[in-house]
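Dear colleague,

I am passing on the structure below, together with some notes on what turned up in it. Please read the notes alongside the coordinates.

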Amino acid sequence: MEGTTQLLEADRRFLVHPLHHPDDHRQPLVVVEGRGATLYDADGREYIDGLSGLWNVNAGHGRGELADAASVQMRRIAFASAYIGATNEPAVRLAEKIVGHGYANSAAVYFTTAGAESNESAFKFARYYWKIKDKPEKTKIISRIHAYHGVTLAAMSATGMAAYQKMFGPLVPGFIQVAPPYAYRWGGNEEPGIGAADAVEQAILAARPDTVAAVIAEPVMGAGGVIVPPPSYFPRLREICDRHDVLLIADEVITGFGRTGRWFALGHWGVEPDLVSFAKGVHEAIESAPADRKFMHAATYSGHPVCCAVGLRNIEIIESEGLVERAAVMGRRLMAGLGELRDLPVVGDVRGLGMMCGVELVTDHNTKAPALGLGARFTREALARGLLPRIRAGNIDPPVGDTICLAPPLMTPTETLDRIPEILRAAIMAATR
């Protein structure tokens, strides 16, 4: 299409993309429309959105209700600050709604505009909390290898993928990384849930507990390859954090709001974090602080009324359509279909929780030798068959298998969901010929 050609010429001249390199952008997918779980490109081809945008389009594309909520709010007032001394109704109502669905110890919400900003804020909340408690040396943050927490400076320093850090160092001091609860590739003698939690405790002791502010963990590691922890991991980690007076931050940027079949994912293991946005203990410290030690953290768009109006309507859709409960049921269905791929020689591991699944590719079932580069060939074959997936490349240190990451919208129709394993089988077979 002539218009598309001109658009791509302008794209190459004027737009810097996330994770940008021109060699990766020679034939970009130009998405022009989305409806439900389906995307449409500029040439009229359609694709199942295998990753809900970037893990975030839970209610599906093209929801007129969300456009209407934005329009109504923008006609009333398009922007209003939520800095102290001002507020707006959508921000208040959305915060109230989120706390209602949160953990039992959830108390209040600080709004951000992206996951990295959420985690940057969580680190500041944790350090602030310990300063209010007159323990100012507690500043270090422990995260896990393969974790993804964003790529702003502090969030990048917590992210456990060297590829995101290579060209932007040095890292922010005070961030420590430990082994993840990666059962398929756990190398220790201990049960992986216990061993990986104990690795966190060893890091706390090595750093000295009186210098460690928090541990940050995704309930299910998303971009790192959909790594689901053994059931023993988070209860043990919660006990370790409590014993050493360390906060536990749950990074639920991906797992929150129904993705795993619960509103928030640590409930699967009966665990409550100290910070998601934040919970009671931290909130009370902020509320009781003297004026000369007030919480001087802010963002222009925190509590943006249009964003909050749309967010509130989005949660109402999730509630009214039972999408959290649906994610649990349909996630089991998707996992059952993906499990049938285990007969393929290059499929090493199939794992997932709710509507969040990963298929790790290997060259040898017995040795679990990683299949590197296969993911890129698979992606081309999947796109040709009408599925847009995401690949966690395995060319990291130490290498692991390229992993197909899947997280379709929670409302994905059954017949569409059932096509995903079928497309995966055909695409994997084509990629390995």
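Leaving aside its neighbours within four places in sequence, which residues is Gln 165 in contact with? Taking contact to mean heavy atoms within 4.5 Å, they are Met 156, Ser 157, Thr 159, Leu 171 and Gln 177. Gln 165 itself sits in the loop between α6 (153–158) and β6 (175–178), where helices (H or I, at least four residues) and strands (E, at least two) are DSSP runs numbered from the N terminus. With a relative accessibility of 13%, Gln 165 counts as buried, on a scale where buried means under 20% relative accessible area, exposed over 50% and partly exposed in between (1.4 Å probe, protein chains only).

Some notes on provenance come next. This is a predicted model, in which local features need pLDDT of at least 70 and side-chain atom pairs count only at pLDDT 80 or more, while totals for chains, interfaces and linings use all residues. Residues are numbered from 1 along each chain as its sequence is written, and side-chain values use heavy atoms, with hydrogens and water left out.

Turning to charged pairs, the structure holds 24 salt bridges, each being a side-chain nitrogen of Lys or Arg within 4 Å of a carboxyl oxygen of Asp or Glu. One of them joins Arg 26 to Asp 23 at 2.7 Å, N to O; Arg 26 is exposed at 60% relative accessibility, whereas Asp 23 is partly exposed at 47%. Another pairs Glu 33 with Arg 35, whose closest N and O atoms are 2.6 Å apart, and here Glu 33 is partly exposed at 38%, as is Arg 35 at 44%. Glu 96 and Arg 93 also meet in a salt bridge, at 3.3 Å, N to O; because they are three residues apart in helix α4 (residues 89–101), about one helical turn separates them. Finally, Arg 185, Asp 349, Arg 351 and Glu 360 are linked in a network of salt bridges.

The second largest pocket has a volume of about 940 Å³, this being the space filled by probe spheres set on grid points joined across faces, edges and corners. A pocket is, on a 1 Å grid over the protein atoms alone, an open set of points where a 1.4 Å probe fits, with protein on both sides within 12 Å along at least five of seven lines, and lining residues have an atom within 4 Å of a point. Its lining comprises 31 residues, with Ala 82, Tyr 83, Ile 84, Tyr 110 and Phe 295 nearest the centre, and the largest share, four residues, comes from α4.

Best regards
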